[in-house]
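Me: I have a structure open and would like to learn how to read it. Could we go through it feature by feature?

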Amino acid sequence: MPKQGEKSSAFFKRALDVIPYGVNSNFRYSGDDETLVVDVAKDGYVYDFDGKRYIDYRLGWGPIIVGHADPFVNGRVKTAIDKGISFAATQAYEVSVAERIIQMNPGVDKVRLSNTGSECTMHALRLARGYTGRDVVLKFEGSYHGAHDYVLWSTASGDIKQVGDRQNPRAYKQSIGIPEVMRSLVQLCPWNDVEVLGDILQKRGEEIAAIIVEPILGNGNGLMPQPGFLEFLRQQCDQYGIVLIFDEVKTGFRIAPGGARELFNVIPDLSTYAKALGNGYPIAAIGGNEEIMKSMGPGKVFQGGTYTGNVVSTAAADATLELMQAGEVFSKIEKVGKTLMAGIDEILNRYNIPHVINGVPAMFGVCLAEKQPRDWRELFEADWDTLEAIHGYMIANGVMPEQDGFEPYFLCAAHTMEDAAQTLQAFEDGVKHVVK
Ligand SMILES: Cc1ncc(COP(=O)(O)O)c(C=O)c1O
C-alpha cells in the first residue's frame with residue numbers, strides 16, 4: 001500500500017480516533033501508516049489527501065466498471081433523487097433494472113434486488129434451502145461469498161495449514177464469533193477438483209441444498225475453471241436435486257454482459273450479482289429461473305430489507321446497464337486489459353521469471369509460479385513475496401493494483417491505452433527494482 005503523505009497521514013489519524021483500525025471493513029486495514037485513504041476518484045484514477053494520483057486497478061474491489069464518478073450514471077441519480085428515494089413501494093427504476101438484468105443474462109426469468117453481495121448470497125442460500133427442504137451448503141475453498149456466518153469458512157485468507165487434506169477438507173472458521181454449530185451446515189470442497197467433489201456428493205449429495213461457486217476465482221488471482229468443471233457442477237446438481245448458485249458478485253456484468261452464464265455457456269439455477277451492477281452504488285440482485293424464484297414470497301421464503309430496490313441504487317444500476325447495453329463498455333475494457341495481460345507476460349518472459357497470467361481482461365491475476373495452479377491450495381506454491389514487492393513499488397509510483405496478489409487487477413471502461421503503457425513501465429521498473 002502507498003506510504004501516506006503528510007495530509008493523508010493526518011487524516012488517517014483522525015479516522016483511527018473514531019473508527020476501529022480506521023476502516024469500515026477489516027480487509028481495508030494494512031497498517032497505521034500504509035492504509036489507503038482516498039479523497040477523490042474520477043475515471044480510472046483515485047487521488048489521496050495529498051493530491052497524489054494513482055491509476056486504480058482495485059476499483060473498490062470490482063464495482064467500478066464504467067469509471068469513477070461517471071457523469072451519465074451520476075446524472076441519472078441526481079435526476080432521480082429529486083423525486084424522493086425510499087418509499088417501501090415498487091418504483092420505476094427497480095422494474096427497469098430487473099428487465100435489463102433479464103435481457104442480459106440467459107436463463108434468468110425473475111430478479112429480486114438487495115444492497116450488498118452478502119445480503120444476496122444469504123438470501124439465495126435461504127431460497128435454496130427453502131426450495132429443497134435441505135440444510136447443508138457446499139462451498140469451495142478460497143471462495144468468498146460475503147460476511148455472514150453461513151459462508152465465512154475457508155475463504156481466500158484462510159489458514160492453509162488448518163484445512164485438512166484435499167480428500168477430507170475441513171472448514172476453517174474465518175472469525176471468532178461464528179457459532180460452532182454453523183460448521184455442520186457447510187461442506188467444503190477444493191475448487192476445480194471433480195474427483196473430490198464427485199466423492200463428496202456420492203456420500204452427501206442428498207443432504208445438500210445448494211452448491212455455491214465463484215465461476216472464476218475472483219478472490220484467488222482470477223483462476224479459471226478447468227474445462228468441464230462448471231458443466232460437471234450442472235450435471236451433478238441435476239442428478240442430486242441440488243440448487244446450483246453462481247456467485248457472480250465479481251464476475252457479473254464484468255467478464256461479459258451476461259457474466260459467467262454467457263462466457264461459459266452453463267446456466268445455473270440462481271446467480272447472485274452486485275459490484276459492477278451499480279458502478280459502485282450499493283446494489284445487488286438474485287436472478288434465477290421461474291420455478292425456484294417463485295418460492296420467494298409471503299408465507300414462503302423470506303427476502304426483504306428497508307433499502308432493497310431504493311431509488312439511488314436502482315437509478316445508478318439502470319444507467320450503468322443502459323451504458324453496457326448500448327455502448328462499448330466491454331470492448332474498451334477488453335482492449336486495455338488484453339494489452340496489460342500480454343505486456344506483463346512479455347516482461348516476465350524477458351526477465352526469465354516463471355509465471356502464469358490468470359483470468360480474463362476485465363479481471364486478471366499475475367501469479368509467479370512454475371506451473372498453473374488448479375485451485376486455492378495450489379496458489380500457495382507461488383512466490384507472492386516477489387509479486388507483492390513489485391506491486392508495492394508500482395503503488396509508490398502511482399499505479400495501484402491490490403498489493404495482495406490473490407486479488408485480481410480490475411479494469412474499467414475509463415482506463416486508457418496511455419494508462420496501460422504507464423502501468424507496464426511501472427511493472428517493468430518494479431521487476432528491475434525487486435529482482436536484482
Ligand atoms: C464473490 C463474492 N461474493 C460475495 C461478496 C460479498 O459482497 P459484499 O461485500 O457486497 O457484501 C464478495 C465481496 O467481495 C465477493 O467477491
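Predicted model: local features only at pLDDT ≥ 70, side-chain atom pairs only at ≥ 80, totals over all residues.

Me: In which sense do β8 and β9 pair?

Reply: Two strands pair if DSSP finds at least two bridges between them. Strand β8 (residues 243–247) and strand β9 (residues 270–273) are joined by three bridges, in the parallel sense.

Me: Are Leu-270, Ser-271, Thr-272 and Tyr-273 of β9 buried or exposed?

Reply: A residue is buried if 20 or more other C-beta atoms lie within 10 Å of its own, exposed if 12 or fewer, and partly exposed in between, with C-beta atoms placed from the backbone. All four are buried; Leu-270 and Thr-272 point one way from β9, and Ser-271 and Tyr-273 the other way.

Me: What is the order of the strands in the open sheet?

Reply: Seven strands run in the order β4-β10-β9-β8-β7-β5-β6, with mixed pairing. β4 (110–114) and β6 (186–189) are at the edges; each has a single partner strand, so one side of each is left without a neighbour in the sheet.

Me: Which strands does helix α3 touch?

Reply: Contact means that the C-beta atoms of two residues, placed from the backbone, lie within 7 Å. Helix α3 (residues 92–104) packs on the sheet against β4 and β10 (284–288), and its direction makes about 130° with that of β4. Such angles run from 0 to 180 degrees between N-to-C directions, using lines fitted to C-alpha atoms, for helices over the stretch in contact.

Me: How many residues surround the ligand?

Reply: A residue counts as near a molecule if its C-beta atom, placed from the backbone, lies within 6 Å of it. Here 16 residues surround the ligand, and the closest are Thr-116, Gly-117, Ser-118, Gly-146 and Val-249. Helix α4 (residues 117–132) gives the largest share of this shell, three residues.

Me: How is the chain divided into domains?

Reply: Domain bounds come from an automatic or database domain assignment. Domain 1 covers 38–68 + 328–434, and domain 2 covers 71–326. Their C-alpha centres lie 25 Å apart. The contact takes 26 residues from domain 1 and 34 residues from domain 2.

Terms used. Residues numbered from 1 in each chain as written. Helix = DSSP H or I, 4+ residues; strand = E, 2+ residues; numbered from the N terminus.
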